[in-house]
Every structure is written in structure tokens, then in C-alpha cells.
Amino acid sequence: MENAIKRASHYARSLIEASLDPLFTISAEGKITDMNQATVDATGISREKLTGTDFLDYFTEAQKAREIYQEVFTKGFVTDYPLTVKGHKLKDVLFNGSVYKDENGKVLGAVIVARDNTGQTGAKELRIANKELAFQNEEKEKRADELAIANKELAFQNEEKGKRADELVIANKELVFQNEEKEKQEIAKKELEAFSYSAKLASQYSLSLIEASRDPLVTISTEGKITDMNEALANITGLTREQLTGTDFGDYFTEPKKAREVYQEVFAKGFVTDYPLTIMDHKLTDVLFNGSVYKDEHGNVLGAVLVARDITEQRRFEKELTEAKVAAELATGIAEVARNKAESAVRIAEDAVKAKQQFLSNMSHEIRTPMNAIIGFTKVMLKTDLSAKQKEYLYAIKMSGDALIVLINDILDLAKVDAGKMSFEKTPFKMELSISAMLHLFETKIQEKNLELVKEYDHKIPGVLVGDPVRLHQIILNLVSNAVKFTSKGKITVSVRLLHEDEEKATVEFSVTDTGIGIPEDRLENIFENFQQASSTTARLYGGTGLGLAIARQLVEQQGGSIRVKSVVGEGSSFSFILSFQKTNSAAELEPIIAEMNTGIKNIKVLVVEDMALNQLLMKTVLDDFGFERDIADNGKIAIEKLQSKSYDVILMDLQMPEMNGFETTDYIRNTMHSNIPIIALTADVTTVDLAKCKAVGMNDYIAKPVDERLLYSKIVGSVKKPAFIPVHKELGKSQSKTVKCIDLAYLTKCTKSNPTLIMEMISAYLQQTPPLISTMKQSWQDKDWDSLQAAVHKMIPSFLIMGISADFESMAKKVQEFARTQQQAEGIQDMVLQLENVCGQACIELKEELDTIKNTKS
């Protein structure tokens with residue numbers, strides 16, 4: 001009997017240790033009294049260290065852990081209680097367990113089984129197992145009651161034997177002997193009962209642990225027959241314990257041969273781990289088997305215990321992961337295709353933009369070139385003796401040509417805005433003077449229509465502001481042009497008022513109000529769209545492209561402003577926009593002054609490089625009128641031949657020519673002939689495309705077709721004037737520096753019509769502006785503050801022409817400005833900065849002398 005109990009205990013212990021889930025027992029005080037190897041593996045702590053420790057210490061929420069064992073001892077069981085185990089990594093588990101008792105029903109402790117809950121489902125199976133566990137506990141309690149009755153019966157039998165022993169007539173010696181034997185039996189009986197009790201307790205304890213497992217557990221004989229199982233196996237197969245007992249282990253799997261290999265491997269090696277099989281149940285459950293043999297007290301193998309872990313969810317996750325990877329790879333492929341398509345679309349779009357720019361460049365050239373001749377010859381004819389009728393016709397031709405140029409400018413401006421090529425300057429300017437000068441352009445037209453022009457200017461606006469005066473002019477010109485066009489009587493009011501001012505900026509509202517025809521309310525919303533006018537008859541009656549307002553809105557919004565309109569049909573319209581300007585303490589930049597013609601400067605030799613006969617004739621006529629000597633070259637190749645045999649002061653270079661165009665010719669002159677002769681481009685393209693190329697190949701300036709005679713004259717004279725100059729060193733003011741003057745006030749004298757007051761004002765402005773600019777230029781170069789350097793040199797450039805300083809220094813200043821903008825080709829820049837400092841310093845000395853001379857003369 002003793003051996004049988006030992007085997008039962010050993011068997012139960014083997015089953016417990018085969019469990020993959022952590023399993024342990026706790027006392028009523030919450031102390032750990034025993035555990036299986038899975039618990040040791042899960043916590044990473046040895047059995048010796050775990051035993052006697054507090055159950056609460058191994059969980060992230062001690063209070064919840066306390067509640068679990070309190071619930072076990074209160075209810076007798078617990079199911080699916082969630083906790084998180086502390087270890088080398090946090091693990092979420094579900095707890096199941098029940099109490100175990102002695103034969104008298106006294107609770108000795110509780111057994112707890114923890115199931116890893118990460119990514120697993122199976123609460124239903126756990127509830128079934130727990131119900132079975134409760135059922136088994138009830139059965140065991142019944143068996144304990146029966147054992148108590150049996151023990152009482154045994155005690156009764158012992159009492160009867162004692163009575164019969166008393167009644168026996170035996171010798172005292174035999175009686176003593178019997179008594180001694182009886183005592184020995186009593187001792188043995190007590191020892192056996194104690195051992196039986198311990199064995200039963202251990203067996204009950206082990207069975208409680210086994211049945212608490214949610215995984216199917218089965219024991220098999222060495223022949224592969226099922227000898228025992230837990231309720232989880234019965235549930236998964238759908239058979240009773242009685243039906244399963246004695247059957248072949250391999251009969252319950254889709255691959256019987258592999259199933260036999262499992263227990264054969266167990267008996268051969270003593271254990272098996274993670275052996276995959278599929279149980280033939282209603283859903284073909286995939287499992288992994290773990291197990292080991294169990295032996296008797298002599299080490300003889302009695303059988304094997306196997307525990308199956310359901311991996312259905314794991315397989316599903318693996319399948320989903322595989323599918324996700326395939327989907328991701330497919331998505332990556334699709335994304336790659338989409339990226340390639342997007343790149344192709346970008347290239348197509350870029351090519352389209354380039355094609356659009358090239359088209360606009362070509363169209364500008366093709367339209368402006370004949371317009372250059374038409375308007376140019378019209379101006380020449382108007383200078384001749386004409387009858388009144390002839391002048392009337394010529395003025396009509398000129399007005400039509402001017403209108404066509406406005407149309408071309410509108411289209412090109414719109415293209416620049418759409419292409420993001422519109423740039424905005426940040427220069428100091430006097431807003432009041434700037435707007436007044438712009439409004440003078442409309443005086444003639446307003447007088448012709450018998451209108452009144454009213455200017456309202458808020459004098460709280462700072463005198464000098466930083467912004468783009470050219471773009472501001474363009475916006476107001478568009479709005480005033482519209483007002484003049486659509487107003488036949490009444491007045492046009494241009495209002496400028498300060499809305500807000502702080503330490504850094506001033507916000508200004510501009511408005512143009514007329515008493516014209518007005519705009520219908522249903523057209524107000526679209527009036528700023530491209531090619532939109534108030535009605536279909538507007539273009540027929542008043543002309544125009546419908547682009548002026550669209551361009552104005554773009555110019556306002558790209559500077560961070562807003563524009564709006566109010567209008568009443570028959571009463572008039574009011575357009576207003578708001579812009580912010582930076583405040584500054586700097587002086588306003590000097591406006592470039594166009595030289596008056598017929599100044600007596602006649603000794604200038606000009607080479608005109610132009611392929612069209614009509615434009616050649618026009619340029620001959622204009623240059624002859626200036627009194628300049630001129631030669632004509634049909635293309636760049638002929639121009640280079642002429643330059644090799646004759647010297648010229650300036651070249652007027654057309655850009656688009658056969659044989660050798662203007663860009664190629666300029667590049668050859670600069671890099672092969674190494675000539676610095678001034679080159680002015682004659683371009684019909686005022687987009688940024690050709691202008692950037694002009695600068696890149698080394699052209700000094702450009703003038704747009706149709707050519708403005710006064711502007712052409714001014715640019716030619718400004719480019720070729722070269723007063724003698726000796727480099728100035730630190731001995732400024734000594735006789736050597738005065739040998740040859742670096743300034744020539746002839747140009748300033750002609751511009752001011754020899755008005756001494758104006759000459760003095762211009763010289764005083766130069767003397768006030770220049771020294772701070774020189775200081776800023778030097779300091780910016782030392783500090784490598786390229787923005788400040790560019791701004792300072794930019795402000796110095798106009799003064800070289802005005803004060804008659806050699807154009808060579810203007811070219812130097814432009815090179816310094818370009819370097820400050822790009823930080824490329826730094827060679828020689830430092831020397832240029834020094835030369836600019838010297839020449840401007842000497843100019844200040846000479847101009848002070850001139851100023852004193854003029855003052856003395858006036859007095």
C-alpha cells in the first residue's frame with residue numbers, strides 16, 4: 001500500500017511539472033508554499049528563493065493580487081482573474097485556481113494556475129475547466145467523508161477486537177504478548193494513517209493542480225495507450241474519460257504516425273518539447289506537445305505525461321502577419337510605381353513650365369520686334385514736318401501700338417505670377433513722392449475726359465518705408481487705369497491712409513474710388529479672376545484684356561496683403577488694398593534719372609548687332625538723331641569680325657539672331673576676346689528667362705523693345721563715359737589725388753538743366769548717403785554679413801552715373817553685389833571693395849569742393 005501511494009504521488013507530481021503554465025500553491029496568509037518549474041522559469045527565481053515569499057511581490061498591482069487569493073479562500077475558487085507578472089519583461093496572465101482540503105474538509109491552502117494572456121483567447125475553455133475543477137473538488141470532498149466513515153468503522157472494529165481479547169482466556173504471558181503486539185499495531189496503524197493522510201493530501205493537491213490546467217493533459221503507457229487525462233482533453237476531443245481510457249494515443253490526430261513518434265521520442269529521450277500535431281476535433285486544433293516520463297520509486301518508467309498547447313491563435317497571427325507582409329510588399333510596389341508616375345508627372349510639368357516660358361519668350365520677341373519698328377518709326381515721323389491730318393493718323397498708330405504693348409505686358413506679367421517668378425524688392429523709398437510722380441502720368445488723360453483727380457494722403461505715414469515701389473506703382477496704375485477707363489464724368493479719388501503702426505512696420509490702406517459705370521453685384525465675386533470683366537460688352541466698348549485686376553490681386557496677395565472691391569451700378573466703384581511696409585531710418589534710394597538728349601555728347605561709337613532690316617533702319621535713325629557714330633552687324637559672327645578690326649564704345653546686342661545669337665556672341669567677347677566693352681541687350685522678352693541669361697554671360701544692361709529713346713540715350717551715355725581716374729590710396733586730399741578728378745558733373749548739370757539749387761540738393765544727398773554706405777560695406781565684408789553688403793552696394797550703384805564716376809566702378813559694385821548674393825567667385829572681390837571705398841571717398845572730397853564753389857558763386 002505504501003508503494004501504491006508513493007507511485008500515485010510521483011505520478012501526480014510528474015503531471016504537475018509537465019504543465020507549461022506557471023502553477024503554485026499559497027497558504028491562507030498569502031505565502032508561496034510550492035510551485036512547478038514553469039513558475040521558476042516565468043519569474044527567473046529559484047524554488048528555494050520563491051518558497052515562503054509573499055504572493056503579492058511578483059505582480060505589478062499588489063492590491064489586485066491580494067484580492068485573488070482572498071477570493072479563492074472565500075469562494076473556494078477563482079476563474080480568469082487578470083494580473084501582470086513582474087519579470088525580465090511584463091507579462092499579462094489570467095489566473096484560475098481552487099482550495100485544497102484535508103479529509104475533514106479543512107482548507108489547507110490554494111493552488112493557482114497562471115495562463116499567459118498575450119494574444120490568446122480561450123476564456124470559454126477556462127470556464128469549463130474551472131467548472132470541472134469545482135466538480136472534482138466536490139467529488140473529493142465526498143470521498144473524504146466516506147473515508148471518515150470508514151475510519152470510524154475501523155475504530156469500532158478495534159474496539160470489538162479489544163472486547164474479544166478481554167474475553168479470551170489466555171495465559172497472562174500470552175495476554176501480555178498480545179497487548180504488546182496490539183500496541184505495536186496501534187503505532188503502525190497511526191503511522192500508516194498519518195502517511196495515508198499525507199499521501200492523500202499530496203495526491204489531492206496534485207490532482208487539483210492538474211485539473212486547474214487549461215491545456216489538454218494525457219498520460220500514456222509504454223505501449224501508447226491512454227491511461228489518464230484531464231477534463232481539458234475530454235472537452236477538446238468531445239469524448240468522455242471512460243471512452244478515452246485505454247484507446248490508442250495516435251487515433252486522435254490527423255497524422256497518427258507523427259503522433260506515435262511523440263510518445264516514442266518521450267520514452268527514448270525522457271522528454272519532448274514543442275512537437276506539432278493537429279487534433280481531430282470539430283475544428284482541427286493545432287497544438288504543440290511537451291512532456292516527460294514518470295517513474296516509480298526504483299526509477300522504472302511507468303509511462304509518460306504529455307501536455308498540449310493550443311496554437312490556433314498563434315497560427316492565425318502568423319498567417320495574418322505573412323499576409324500583412326505580402327500586402328506591405330505589394331503596397332510598396334504600388335507606391336514605387338506611383339512614385340515613378342509622380343516623378344514622371346513632375347518632369348512633364350517642369351517641361352511644360354519650361355515650354356510655356358520658352359513660348360512666352362518667343363512670343364514676346366516675335367510681337368515686340370515688329371512693334372519696336374512700328375512705334376519707333378512713328379515717333380521718328382512725329383518729329384518731322386507733318387500736316388495736321390498726318391499727325392492725327394500717326395498719333396492713332398502710336399496709341400494703338402501703346403495699347404498692344406500694354407496687352408503684351410499684362411500677359412507676360414500674368415505668366416510670371418503663375419510661374420512663381422515674380423520677385424519683390426526691399427528698398428527704402430518715399431511713398432508720398434512716389435505716388436505723386438506716378439499720378440502725374442494720368443494728368444493728360446484725365447484732362448481730356450474733363451475729370452477731377454483727388455489725392456488724399458495721410459501725413460502720419462512715415463516719410464521713408466521699405467518695400468517694392470515698382471510693384472506698388474504697378475498695382476495703383478492698374479486700378480487708376482481702370483477708373484479712368486470706366487469714368488466719363490465726375491472724379492477719381494486716390495486715398496492713402498495709415499491703419500496701424502508699431503516699432504517695426506506700418507500698415508497702409510490704399511483705395512481708388514471713381515464715379516464711373518460701376519460693376520453688377522453678381523460680377524463682383526469674379527472680378528479679380530483672369531480675363532474677367534464686368535460684362536460681355538465691356539471689352540467691346542472700353543477695350544482691355546481683363547487681366548489688370550487679376551495681376552493687381554496677385555501682386556497684393558504675394559506681398560501678404562489683401563484687396564477688395566465695393567461697387568454700385570451707375571454710381572461708381574471703390575477698389576482698396578492693404579499692405580505692410582517695414583520702417584527704416586535709412587535715406588530713400590535715389591531714383592535713377594533719365595538723361596536729357598541733345599547734350600552735346602557726340603563722340604560715341606556704337607555697334608548695333610541686329611538681324612532684322614526694319615529694326616536696323618530704326619536704330620540707324622535713332623542713333624543718327626543722337627549724333628552718335630554707328631555700325632550695323634547682321635549677326636554675332638559679323639559683329640566679332642568688326643570688333644577685331646575696329647574699336648567701339650558700346651554694343652547694342654539683339655538676343656535672337658541666326659548664325660550666332662546674342663548670348664553666344666557676348667560669351668565669345670568676354671571669354672575669348674577678353675574684352676570689357678559695355679554690352680546692352682536689346683530684348684523683346686521681359687520675362688526672367690532671358691534677363692537671367694543676359695546677366696550670366698556678362699552683359700552690362702538691357703533695354704526692352706519697343707525702345708524708349710530717352711532711356712536708350714541715358715543707358716548709352718552712362719555706359720561709355722570714362723573720366724580719367726588714378727587709384728586713390730590713404731593719401732586722399734594730397735596733390736596727387738587732385739591731379740585728375742574722379743567725378744564729372746556734366747551729366748548732373750544736364751539732368752538738372754544747370755539749376756544750381758537742384759545740383760546742390762543732389763550733391764548734399766550724395767554726401768549724406770554715401771559715407772554710411774561705405775562704412776556698412778566695409779563692416780559687412782569683415783563680418784561676412786552678405787545681406788547687409790548686398791543692400792549697401794545696391795544703394796551705391798545709381799550714384800556712379802549721377803555723379804559721373806567711371807562706369808568701371810559701377811561694374812565693380814555690381815560684381816560685389818552679385819558675390820554677396822551668391823557667395824561664388826570671390827577672387828578679386830576684396831580688392832574691389834577697397835577700390836569702391838577709395839573712389840567714393842575721393843568723390844565725397846571733390847563734391848564738397850564743388851558744393852562750396854556753387855554756394856560761393858550763388859552768394
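Which residues in α12 meet which residues in α14? In this predicted model, local features need pLDDT of at least 70 and side-chain atom pairs count only at pLDDT 80 or more, while totals for chains, interfaces and linings use all residues. Residues are numbered from 1 along each chain as its sequence is written, and side-chain values use heavy atoms, with hydrogens and water left out.

From α12, the residues M431, S434, I435, M438 and L439 meet P469, L472, H473, I476, L477 and V480 of α14, contact meaning heavy atoms within 4.5 Å. These residues comprise nine nonpolar, two polar and no charged; Ala, Val, Leu, Ile, Met, Phe, Trp, Tyr, Cys and Pro count as nonpolar, Asp, Glu, Lys and Arg as charged, and the others, Gly among them, as polar. The axes of α12 (residues 431–439) and α14 (residues 469–485) come within 10 Å and cross at roughly 45 degrees, which makes α12 oblique to α14. Angles under 35 degrees count as roughly parallel, over 145 as roughly antiparallel, 65 to 115 as roughly perpendicular and the rest as oblique. Axes are lines fitted to C-alpha atoms, for helices over the stretch in contact, and angles run from 0 to 180 degrees between N-to-C directions. The crossing of α12 past α14 is right-handed; a crossing is left-handed if the near helix is turned anticlockwise from the far one by less than a right angle, and right-handed if clockwise. Helices (H or I, at least four residues) and strands (E, at least two) are DSSP runs, numbered from the N terminus.

Among the residues making the contact are Y766, L773 and W781 of α25 and W786, L789 and M796 of α26. By class, this contact has eleven nonpolar, five polar and one charged residues.

An open sheet of five strands has antiparallel pairing and the order β7-β6-β10-β9-β8, where two strands pair if DSSP finds at least two bridges between them. At the edges stand β7 (226–229) and β8 (271–279), each with a single partner strand, so one side of each is left without a neighbour in the sheet. Neighbouring strands of this sheet are turned by 30 degrees against each other on average, direction ignored. Four bridges pair β6 (residues 217–220) with β10 (residues 301–310) in the antiparallel sense, and I220 stands opposite A304 in β10. Helix α9 (residues 256–269) lies across β6, β8, β9 (285–295) and β10, and runs at about 170 degrees to β8.

Another open sheet contains five strands in the order β19-β18-β20-β21-β22, with parallel pairing. Its edge strands, β19 (629–633) and β22 (701–704), each pair on one side only, and the twist averages 20 degrees from one strand to the next. Strands β18 (residues 605–609) and β20 (residues 650–654) run parallel and are joined by four bridges; L607 has I651 as its bridge partner in β20. Helix α19 (residues 636–645) lies across β18, β19 and β20, at about 155 degrees to β18.

The structure holds 17 aromatic pairs. Rings of Phe, Tyr and Trp (its six-membered ring) pair if their centres lie within 6.5 Å; planes under 30 degrees apart count as stacked, over 60 as edge-to-face and the rest as tilted. The rings of F429 and F581 have centres 6.1 Å apart and planes at 70 degrees, so this pair is edge-to-face. F429 in β11 (residues 427–430) and F581 in β17 (residues 572–583) are 152 residues apart, and the pair links distant parts of the chain.
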